[in-house]
Amino acid sequence: MIKSKAFREDAERYVAQYADFMKFAEDSGIGAVEGVSSNSIAAERLLKNSRIKGYNAKSLSYGYLSPACIDCRTGENSKTVFHTLTCNRDCYFCANMNQEEYEFYTKNINNAEEELDSSMAGRKVSSVALTGGEPLLLPERALGFYRHVSEKYPEAHRRLYTNGDLLTDELAEQLAAAGLNEIRISVKMDKDGYPSETLDKLRIARKFIPAVMVEMPVIPGTFEHMKDLLLKMEEIGCDGINLLEFLYPWTDSEEYKKLGFKIKQRPYQVLYSYSYSGGLPVAGSEEECLRLLEFVLEKELKLGVHYCSLENKLTSQVYFQNYTTKLMPFEVMSEKDFFIKIARVYGSNAGKVQKFLSKKGVPFQRIAGSDALEFHPKYISELRGVDEVALTYNIVESEGKSSHMRELKIDLVNPSLFDYDEDI
């Protein structure tokens with residue numbers, strides 16, 4: 001479709017990179033589905049409902065939404081820490097082993113309080129979480145952590161991630177007294193359902209802890225069991241559930257193959273070396289998450305339901321790397337995905353656009369050693385007689401005191417169809 005040879009060569013570079021990445025993923029032992037997902041249509045349909053709040057279709061919520069989930073989008077005032085990466089469970093889909101120094105912190109204790117204080121020094125702290133591993137394997141440390149946070153960051157929302165196995169009435173009461181605002185219990189689901197003890201743990205939490213939530217991946221094929229869980233949570237009086245995309249953590253590929261799972265055809269919207277250790281999204285999970293949102297709309301449940309996609313979990317890293325950058329006049333940081341975006345044209349189109357921008361008196365940049373010109377994306381829709389425009393996605397990378405901007409992706413844009421508010 002791309003006529004300009006220079007544009008085509010630039011774009012082909014990223015197509016080849018993605019193909020290499022997908023081969024690498026499939027060589028690890030799991031295939032990818034064929035065809036393009038239609039889940040965006042379902043997301044758009046949900047967003048038209050006034051009871052659904054959306055964040056660029058990456059995060060869709062109904063009813064109660066934890067303030068920590070809002071903070072998580074940028075991560076600017078939020079911090080999650082752990083004492084141990086040891087866990088009493090052994091889930092085939094767990095990504096714990098992908099965390100830095102995993103082996104070390106299964107044998108040694110991390111000073112979560114010190115990590116929190118040093119990393120957030122001089123910054124506003126609005127959300128703090130303790131995770132693991134399983135943090136309740138070290139109950140006294142967990143209690144000490146929340147006492148510390150309550151005293152030092154009294155305005156912060158304080159949450160706990162746990163599988164709930166070790167939660168008792170006594171411990172739940174102690175956690176609440178130490179300042180815990182919200183508990184997120186991970187439910188282990190499979191094709192046969194979830195353990196009956198899950199509901200008992202939710203009832204214990206409900207007695208003592210202000211906000212009681214479930215946070216769990218939605219495994220393809222568990223839709224009916226998930227519906228049952230939502231109805232049971234409604235009866236118990238839970239505040240909400242975070243539905244996560246089910247991920248392939250680059251391990252246990254034989255189990256994934258045995259269960260018939262494949263990864264999405266395009267796991268990342270923008271390919272990059274993200275630090276989030278969860279893995280790649282499994283095809284079918286997002287579809288069931290969106291169907292569950294439609295179910296709660298139909299039933300008009302009081303329970304809050306939030307769909308948190310993999311893409312939603314990646315935005316904070318992009319924001320963190322880009323938000324302090326002083327942008328050039330032809331650059332814009334997207335409010336939807338936080339990538340820095342620049343419009344570019346090549347060859348004869350560059351001459352046309354230069355004349356147009358010069359008449360308007362707005363800045364542009366000629367790229368040295370090429371026939372390309374870069375300009376602010378807000379002018380794309382005003383172009384006439386220009387048949388193809390490139391929209392580039394960029395991220396800032398730092399090394400020591402120096403930094404540089406790295407281009408990650410190029411989209412082909414039709415000026416007559418471009419909508420700045422929607423497409424940036």
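Visitor: Which residues cover the faces of S5, one side and the other?
Guide: On one side His-157, Arg-159 and Tyr-161 are buried, and on the other Arg-158, Leu-160 and Thr-162 are buried, so both faces are covered. Buried means under 20% relative accessible area, exposed over 50%, and partly exposed in between, with a 1.4 Å probe and protein chains only. This is a predicted model: local features need pLDDT of at least 70, side-chain atom pairs count only at pLDDT 80 or more, and totals for chains, interfaces and linings use all residues. Residues are numbered from 1 along each chain as its sequence is written, and side-chain values use heavy atoms, with hydrogens and water left out.

Visitor: Why is S5 largely enclosed?
Guide: Because 6 of the 6 residues of S5 are buried. Strands (E, at least two residues) and helices (H or I, at least four) are DSSP runs numbered from the N terminus.

Visitor: In what sense do S4 and S5 pair?
Guide: Parallel, over 4 bridges. Ala-129 has Arg-159 in S5 as its bridge partner. Two strands pair if DSSP finds at least two bridges between them.

Visitor: And what is the order of the strands in the sheet?
Guide: S1-S2-S11-S8-S7-S6-S5-S4-S3, 9 strands in an open sheet with mixed pairing.

Visitor: Which strands does H6 touch?
Guide: Helix H6 (139–152) packs on the sheet and touches S3, S4 (127–131) and S5 (157–162). Contact means heavy atoms within 4.5 Å. The direction of H6 makes about 170 degrees with that of S4. Axes are lines fitted to C-alpha atoms, for helices over the stretch in contact, and angles run from 0 to 180 degrees between N-to-C directions.

Visitor: Which residues does a cis peptide bond join?
Guide: Gly-132 and Gly-133, with omega about 10 degrees. Gly-133 is in the loop between S4 and H6.

Visitor: New topic. How much space lies in the second largest pocket?
Guide: About 1600 Å³. Its lining has 47 residues, and Ser-40, Asn-56, Ala-57, Gln-269 and Glu-311 lie nearest the centre. On a 1 Å grid over the protein atoms alone, a pocket is an open set of points with protein on both sides within 12 Å along at least five of seven lines, a cavity is a set where a 1.4 Å probe fits but cannot get out, and lining residues have an atom within 4 Å of a point. Points are joined across faces, edges and corners, and a volume is the space filled by probe spheres set on them.

Visitor: Which element gives the most to that lining?
Guide: H2, with 5 residues.

Visitor: What lines the largest cavity?
Guide: Lys-58, Gln-269, Val-270, Tyr-274, Glu-311, Leu-314, Thr-315, Val-318, Asp-337 and Phe-339. The largest cavity holds about 50 Å³ of space.

Visitor: Is Phe-338 buried or exposed?
Guide: Phe-338 is buried, because its relative accessible area is 7%. Although not a glycine, Phe-338 has a positive phi of about 70 degrees. Phe-338 is in the loop between S12 (332–333) and S13 (340–345).

Visitor: And where does Trp-250 lie?
Guide: In the loop between S9 (247–248) and H10. Phi of Trp-250 is positive, near 70 degrees. Trp-250 counts as partly exposed because its relative accessibility is 29%.
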